[in-house]
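Welcome! Take a moment to turn the model around before reading on, and then let us walk through it together.

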Amino acid sequence: RYLSEQDRLDEANEQIEIALRLDPDSWEVNREAGRLIFRQGRIQDAIPFFDKAVQLSETDYSNANMLLCCYAGVHDKAGEQRAARIALERAERVVTKEPTNGSALAVGAVALAALGQKDRADEWIQRALLVAPDNLTMRYNLGCLYAAHLRDADSAIEVLGPFFETIQSHSHVSHSDVDPDLDFLRGDARFQKLVGDAKAR
């Protein structure tokens, strides 16, 4: 992860290959492998690693959300629906215990939208923005939801603004560069400015 932050991708890939050989059943290794591969635009190749991470941890809603994103990106509807059901069930479990968990609320909202439950998704969106307005991960995921599932560019730009204005990490920008959830926004001058300003900073 640190090597990829420095844009040293060849070295990062070498390290993750070693990690996978040493411990192919590690949740951490599979999660990082999925993220590293995803951020290189290899969406299909990232799926087995996110899937394995989801199988290795029954509470992992974040990688279930990444799995949903990947399946949607390669237009695998059955896979997308399966991942959405897993993400929703896990997010609901977390929110029951932690009602102000913005990240879980956002993942639940994405899953609901992917499952066609738009009214419930909107309720979860509003809750997330109310209880955790400064949670950048939540904002990013809600931006993806608005772009990929609701086709609402204005709302997507609005929730993504604070994310791109605040992030300092190279990997966050590289992630957004390849994220298929954001493809709907790529021709929007407002989105281009947000990304361009973040890269310049």
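How many of the residues of H7 are buried? In helix H7, 13 of 13 residues are buried, so the helix is mostly covered; buried means under 20% relative accessible area, exposed means over 50%, and partly exposed is in between, with a 1.4 Å probe and protein chains only. The helices named here (H or I, at least four residues) are DSSP runs, numbered from the N terminus.

Before going further, please note that this is a predicted model, in which local features need pLDDT of at least 70 and side-chain atom pairs count only at pLDDT 80 or more, while totals for chains, interfaces and linings use all residues. Residues are numbered from 1 along each chain as its sequence is written, and side-chain values use heavy atoms, with hydrogens and water left out.

Let us stay with H7 for a moment. Its end C-alpha atoms are 18 Å apart, which agrees with the 18 Å that 13 residues should span at 1.5 Å a residue; the expected span is 1.5 Å times one less than the number of residues. At the start of H7, a side-chain oxygen of asparagine 101 comes within 3.2 Å of the backbone nitrogen of serine 103. Just after the helix, glycine 116 has a positive phi of about 85°.

Now look at H6, which covers residues 77-97. Its 21 residues reach 31 Å from first C-alpha to last, close to the expected 30 Å. Aspartate 76 caps the N-terminal end of H6, with a side-chain oxygen 3.3 Å from the backbone nitrogen of alanine 78. The buried residues of H6 include Ala83, Ala84, Ala87, Leu88 and Ala91. In general, an α-helix has 3.6 residues a turn, so residues three or four places apart point the same way. The buried residues of H6 pack against helices H4 (43-56), H5 (62-73), H7 (102-114), H8 (118-131) and H9 (136-149).

Cysteine 69 and alanine 83 are 14 residues apart along the chain, and their C-alpha atoms are separated by 8.8 Å. Leaving aside residues up to four places away in sequence, cysteine 69 touches Phe38, Asp179, Pro180 and Asp181, where contact means heavy atoms within 4.5 Å.

In the loop between H5 and H6 you will find histidine 75. Histidine 75 has a positive phi of about 60° although it is not a glycine, and it is exposed, with a relative accessible area of 73%. Aspartate 7, in the loop between helix H1 (2-5) and helix H2 (9-22), is not a glycine either, yet has a positive phi of about 65°. At 49% relative accessibility, aspartate 7 counts as partly exposed.

Next, turn to the pair H8 and H9. Their axes come within 11 Å and cross at roughly 155°. That makes H8 roughly antiparallel to H9, because angles over 145 degrees count that way, with under 35 roughly parallel, 65 to 115 roughly perpendicular and the rest oblique. Among the residues making the contact are Ile125 and Leu129 of H8 and Leu142 and Leu145 of H9.

Our last stop is leucine 160, in helix H10 (residues 153-166). Leucine 160 is buried, with a relative accessible area of 0%. Beyond residues up to four places away in sequence, leucine 160 touches Arg139, Tyr140, Gly143, Leu182, Leu185, Phe191 and Leu194.

How values were computed
Helix = DSSP H or I, 4+ residues; strand = E, 2+ residues; numbered from the N terminus. Polar contact = N/O pair within 3.5 Å; in protein donor to acceptor, adjacent residues only side chain to side chain. Axes fitted to C-alpha atoms, helices over the stretch in contact; angles between N-to-C directions.
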